[in-house]
Amino acid sequence: MTVQPLQPVVQAITCPNCSNPIQQKSATSQTLVCPACKTAVVMGMEGAEKYGQAGTMPSPPVPIAVGDTANINGTNFFVLGRVVYEGWDDEDRWRWTEWQIGGSDGRLLWLSYSKDEGFYLFRKLKLTQPFDPLKDRKLPVGKQGASVRERYPARIIAAEGELTFRAKEGDRLQMIEAVGLGGGGLRYSIQVTSSELEVHEGQAWSEADLAKAFNNSTWTTQISKLKGGADLRGTVGIAAILFAIIAFVGGFVAGGNRRVAAQQDFTLIAQAPTAVMKVNLPASSRPASVKVNLLSSLGNGQSADIDVSIDYPGDLEVQMIEADFYSESGYDDGEYWSETVREAEAMFIPDEAGEYQFEVALGANVGVPNPNVRLAIYRDTINPIWMWGYAVIALIIGIILLISAAKRSTAKKM
Amino acid sequence: MRQMTCASCGASLEVENQFIRAVTCKFCNSSYTIQGDTGLNLTGKGNSLANYPSRLSVGMGGAIRGRSFTVLGRIRYVYDAGFWEEWQIAWTDQAPPDWLEEDEGYWTLYKRERVKGAVPAYDQVRIGGSVAINQHNVFITEKRTAKVGGSEGQFSSVFPLNGTFGYIQGGANNKSVSINYWEDEIELSVGDELEPSEITFN
C-alpha cells in the first residue's frame, strides 16, 4: 500500500527565539516546536510568540515520527506532533506518549501509547450531560456511560512538531480516566484545566495493525520477532510450571515410596533407659532414614527427650536424633492454640554393608514416665525437600516468564 | 441577491438574501452593517484572514444530511490559547442561515436561538457546573474570553470588530450549546454534532 503525503505546508513562520524557519502543516495548530532550539512557539493574537521551552524529547517508544504518514481505516493520516506526559500519584510515576495525527478528511486524532495500556486511538467527544470532574464516578457518554477509574495530576515532559493546544515543558493538567461500560473496550480520557473540560474517546489498537497502517515493514518484522520471543517465553513458562507440579507431586510420591528395613517398639524405663535395634543393611548410595515415634500419650505441658544414635559397621558412632517431644496449648490474643510433637526423623547414607546398631535412649528430660517409642529404619529414601525446592524455583521462573509473555501480549492486542 | 458597492474601495458587494445583516469586502476588509434595501454602514476594517487551506471556503457548497448549503462567510475568533473559525452557511431551501463550526475535524451545526429568560452572568459560570438557559440545562465544558480576529463574506448577525467578549460552551441533552456574552447582547447557539458521513462538500 502506498501512502501519499497528505498535508502541504500551510505557512512558514520564523522562530521568535532563534529565527529558524518553522513550517506549519495544520491550519488549526496552536503550538509549533522549533526543531532548532526546541522553543514552543504559539500562534497568539499578535502572531507567533515564544511560549516556553518544549523540553528534551525522549526517543519514541515505537518508530512513529513527526511527518510519517499512515492509512487508518481507509483514511490517510499525517503525524503532526508528539507529546510525552508524566502522571503521578502517592506511590508511583508513569509516562505515556501521544501523537497528534491529522487526517485527509480533516479529523484530528490522538494516538496514545503507554507501556501498561498499549495503543489507543482517541477522538474528541463533546460532553453534553453533567459530570463533576472532582467526584462523579460515572462519565455520561454513550448509552451505558463509563466508569471513572483514576484521577491524577500530570505534566508535559516534552513536545515536538505541532499541536492543536498550547504546550510547553512543565505545563500541568488534571487527568481523569474512565472505562466504557457498554463493552467494545472503549476508554475515555478527560483533561481538566481552569478554562476547559475535554473528553476523548479511545479504541485500542494492536502494534501489528499500527505497523501495517504506517506501512513500516521493518517495524512489522520487529513485532514478529518480539511476538516469537513472547511465545517462546510463554511456552517455557508453561513447561516450568508443569515441571513444578510434577516435582511437587513427585516429592510426595518419592518421599512416601520407601521400604521398611526394620521396626520395633520399646519401653524405656529409668532402670533401662536405652534400647538397641540391630539391622543388616546393604551398601547403598541412596539415603536411609531412622524415625522415632513417641507412642505414649502426652498430657498438656508434658515433654520427653528421646535420643537416637547409630553405630556403623566400622565402629563409627553418630548421634542422629536429639528429639524434644512435647504437647502444649494456651491462648494467644484470645485465640486458643495447641501444638504436639511426637515424631522425629533423620537420614544417613549406609555406604558400607553390615550390621548397624540403632540405640534409642531417654534424654535428660523425662516428663513422661516409662515412655513407649517406635523405632523404624527405612531404606531407599528420597528426600522430597530437594524436589520441592526445585519445584518452587521452577514455579517462580514459570510465573515470571508467563507474566512477561502476557504483558507483551496484552499491551499489543486490540 | 442584491449588489452593493464598498464605500471604501468601490468593489462590488453581494448580499445573498434577506437574512444578511453584515458584509465584509473581500478586497479591503471593510465591514458594513446593512441598513434597509441599499444602505451600508461602515463599522470598521477587520484583519484579513490568512489563506489557510480548509475543506470549506466562502462560495463553495455542500450538503448536511442531504440538505444543500452554500458558504456565505467565515469569521475567526481568537483567544489566549489559539483560535477557532465559524462558517456562515445559507440553505438552498431559503431557510435562515446557520453556522458551522469545526473542532478537531468534527463539525457542529449551530442554530441561533432567541434568549427567552434570564441568563447567568458570565462571572457566575464555572467549568463543570450547570446553568439553565431557555429550556436547556447546560453543562459547562469551556469558559474563555475571545475577540474577533478577522472575517470574510456575509453574515446574518452583526459582531463587533474590536474588544473582547466572554463565551461559554457546553452541552445539554445531546446538543452543543454556545453562549457569547457580547457587550450589548447575549447570543445563544444550539448545535448538533455531525457524524463525518453526514456532511459532504462539493
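This is a predicted model: local features need pLDDT of at least 70, side-chain atom pairs count only at pLDDT 80 or more; totals for chains, interfaces and linings use all residues.

**Ground rules.** Residues are numbered from 1 along each chain as its sequence is written, chains are lettered from A and ligands numbered from 1 in the order in which they are written, and side-chain values use heavy atoms, with hydrogens and water left out.

**Entry 1: chain A.** I began with the secondary structure, taking helices (H or I, at least four residues) and strands (E, at least two) as DSSP runs numbered from the N terminus. Chain A has three helices and 24 strands. I noted 414 residues in chain A, 46% of them buried. For contacts I used heavy atoms within 4.5 Å. In chain A, 63% of the contacts between residues at least 6 apart in sequence join residues at least 24 apart. For surface I used the Shrake-Rupley method with a 1.4 Å probe, and for residues only the protein chains shown count as cover. Chain A has an accessible surface of about 20,700 Å², and carbon and sulfur atoms hold 52% of that.

**Entry 2: chain B.** I found zero helices and 16 strands here. Chain B has 202 residues, and 55% of them are buried. Of its contacts with a separation of 6 or more, 49% are between residues 24 or more positions apart. The accessible surface of chain B is about 9,100 Å², with 44% belonging to carbon and sulfur atoms.

**Entry 3: a pocket.** Rolling a probe the size of a water molecule over the atoms shows where empty space is left. On a 1 Å grid over the protein atoms alone, a cavity is a set of points where a 1.4 Å probe fits but cannot get out, while a pocket is an open set with protein on both sides within 12 Å along at least five of seven lines; lining residues have an atom within 4 Å of a point. Grid points are joined across faces, edges and corners, and the volume is the space filled by probe spheres set on the points.

I looked up the second largest pocket, which holds about 650 Å³ of space. It is lined by 31 residues, and A:W94, A:R95, A:W96, A:S114 and A:E117 are the closest to its centre. Which strand of chain A gives the most to this lining? Strand 8 does, with six residues. Other strands of chain A that supply at least two residues each include strand 7 (75-88), strand 9 (108-114) and strand 12 (146-163). I sorted the lining by type: Ala, Val, Leu, Ile, Met, Phe, Trp, Tyr, Cys and Pro count as nonpolar, Asp, Glu, Lys and Arg as charged, and the others, Gly among them, as polar. That gave 13 nonpolar, six polar and twelve charged residues.

Entry 4: A:C34 counts as buried because its relative accessibility is 0%. B:C9 is in no disulfide either, with the nearest cysteine sulfur, that of B:C25, 3.5 Å away. B:C9 is at 39% relative accessibility, so I wrote it down as partly exposed.

**Entry 5: two positive phi values.** A:N73, a residue other than glycine, has a positive phi near 50°. I located A:N73 in the loop between strand 6 (69-72) and strand 7 of chain A. Is A:N73 buried or exposed? It is exposed, because its relative accessible area is 68%. B:Q94, also not a glycine, has a positive phi near 75°. B:Q94 lies in the loop between strand 8 (82-91) and strand 9 (98-103) of chain B, and its relative accessibility of 53% is why I call it exposed.

**Entry 6: B:P196.** I found B:P196 in the loop between strand 15 (186-193) and strand 16 (199-201) of chain B. Leaving aside neighbours within four places in sequence, B:P196 is in contact with A:R107 and B:Y106. B:P196 is partly exposed, because its relative accessibility is 40%.

**Entry 7: A:S303.** A:S303 sits in strand 19 (residues 303-311) of chain A. With a relative accessible area of 18%, A:S303 is buried. Its C-alpha atom is 5.0 Å from that of A:G367, 64 residues away along the chain. Not counting residues up to four places away in sequence, A:S303 touches several residues, among them A:L298, A:D324 and A:G367.

Notes
Buried means under 20% relative accessible area, exposed over 50%, partly exposed in between (1.4 Å probe, protein chains only). A disulfide is a pair of cysteine sulfur atoms within 2.5 Å.
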